[in-house]
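Please keep the sequence and the model in view while reading.

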Amino acid sequence: MQGIRLILTFLVLLSAFKTTADDECFRLASPEAVPFVKLDSNAAILSCEKAYNVAPNDPLIGAYFARALLKEKFYDKALELNLKAANAGIAFAQSNLGATYQNGYGVQKDDVKALKWYLAAAGQGFPMGMYGVGNIYYYGSGVSQSDSEALRWYLKAANKGLSQAQFSVGYMLQLGKGTAPDLPKAFSWFSKAARSGNVSAKYAIGLSYLRGYGVEKNKDLAIKWLKNSALQGHKKAKILLETLVAEKKATSESIEKDFSHKYAQFIPKRLHSKVLQAEKGDGKMAGMLGNAYNYGSYQDIGKVTKNIEVSIYFYELGAELGDLGSQQLVGLIYYRGKQVKKDLKKASHYYRMAALQDSRVAYVSLAKALIELGGTDSYKEAYTWLRKDIKETPRWAKSTLKENYSLLGYLYEHGYGVKQSYGDAYSYHMKAYDKEIESALALAKYAMKGQPYVKRISYIAANAAWLTVEELSLGDPKYDKIIAVACALSIEENDCYKLDPLFSEYVKNVVHAGECFKVKENCDKTIPEAIEFHKKRSKEINKSVKDG
């Protein structure tokens, strides 16, 4: 008997260890969690090797392991694992196998095998597989070269959101390969790819602004995009940028002799060199200048006169140059609409830049802006970022997702961007009600409507009411609303004292125990009547306090 217990204990521990190892391997090496260019191959290999040793027959773990090995050019083992996973039907392993044969990674190049595996991955809807097929036709590798067929496959991958394919579609449209030239559409595809950080697309946008390809010529925007691309290592962008800067210097005096800037009147001489540094492509310096003009001083920038227009100029410059802080702060300024006119499109634009740099804070900020902006596409994108936030949040930090859960509850409640589901809405609101007042209100509304699957929800919602608003002052509109709803709900339980003790104390000492039952006359039909009753009662209480 003792032996059986030991075996069971060992199996439980082994299962727990396997789950932990699998999760770590997924986080470090899966295509869903990390792009190939950002993959930390050393850490991924160590983690996935442990997971693979525990489960050597799991083709998915083997595929993750192979992806990390490919990054470090351990081609033999990667080939072995990818073949096993590809034959098991794992799409990204099939695509990686296609790349292995196309490029000769540890094997003799074989375009026929490459196309076979790319098509297998594409058949499962995997965008890199589609892109691989497009490349086969574009270069004529083992097939008759066909620009039109290449474009057809590039479009399939581009519509799945693959930035490389989006750039390729733009390139084909710009040059008229496989289709008639369409410069405006080409620019649109370059912009989509650039939003995902594609460096070639950023160079193409800079060139488009410089030459007027599909957009009006704008040398300042051309330089801005070329700087962004050059900072990411694009050689052609760097060469072209140096030429443009040299031309600019040849036609104007040096900044030390005659500082020329659209906001020159607000910029003291001591900051001229820092402004020039920012204009030359230093996104961090641009962000520091933005902070200085936003707050009145910042670190070694020193004191300046606050000016939100100048601040936004430098924040936007920093954002375009990839400074994460600038992206988030200028997004916040446009979202709040306190210092400038509220602009949800601009807020979303800059929050999206930050989100594409894997900022979890930006995921939720972007989702909030998109939800407020409205529209099917915005709702769908918001849902995608919220789910990404949940996926990337470590297990030990799940308590930080309250606002995320509340927003997801809102989307499911109204069917915005997802299929309407009160069950899912209820589930998410239940995770958030103790911190997010909107979730507490939503739960209260469900109870008032008598949703059949909500059991004992009035008690939960009433407690949620108290926990959410206990720090707010009497008379606050949200406070009145939630207290009125909660009090009305407690009546359905026929006992004010079934609530949280603190809330019950509030009912007894402030509203008085009898009020809970008096309000019944006003809230039998609608919540608004109960709210108005409590607003009136709050005024009476406040007046009595003032009168002593």
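With which residue does arginine 27 form a salt bridge? The partner is glutamate 24, with the closest N and O atoms 2.6 Å apart, where a salt bridge is a side-chain nitrogen of Lys or Arg within 4 Å of a carboxyl oxygen of Asp or Glu.

## Basis of the model

This is a predicted model, in which local features need pLDDT of at least 70 and side-chain atom pairs count only at pLDDT 80 or more, while totals for chains, interfaces and linings use all residues. Residues are numbered from 1 along each chain as its sequence is written, and side-chain values use heavy atoms, with hydrogens and water left out.

## Overall architecture

The chain contains 29 helices and 2 strands, both taken as DSSP runs numbered from the N terminus (helices are H or I, at least four residues; strands are E, at least two). Of its 548 residues, 47% count as buried, meaning under 20% relative accessible area, as against exposed at over 50% and partly exposed in between (1.4 Å probe, protein chains only).

## Salt bridges

In the whole structure, 11 salt bridges are found. Arginine 27 and glutamate 24 are 3 residues apart in helix H1 (residues 2–29), and so are separated by about one helical turn; arginine 27 is partly exposed at 48% relative accessible area, and glutamate 24 is partly exposed at 31%.

A salt bridge also joins the side chains of lysine 274 and aspartate 300 (3.8 Å, N to O). Because lysine 274 lies in helix H14 (residues 272–279) and aspartate 300 in the loop between S1 and S2, this pair ties together parts that are 26 residues apart in sequence. Arginine 352 and glutamate 381 meet in a salt bridge at 2.7 Å, N to O, linking helix H18 with helix H20 (residues 376–392) across 29 residues; arginine 352 is buried at 15%, whereas glutamate 381 is partly exposed at 22%.

## Positive phi angles

Glutamine 299, in the loop between strand S1 (297–298) and strand S2 (302–303), has a positive phi near 40° although it is a residue other than glycine, and glutamine 299 is exposed at 59% relative accessible area. Aspartate 358, which is not a glycine, has a positive phi of about 65° and lies in the loop between helix H18 (344–355) and helix H19 (360–373).

## Confidence

The average pLDDT (the predictor's confidence in each residue, from 0 to 100) is 80 for the chain, and 74% of the residues score at least 70. Over residues 5–17 pLDDT stays under 50. Where pLDDT is low, the predicted coordinates should not be read in detail.

Notes: Contact means heavy atoms within 4.5 Å.
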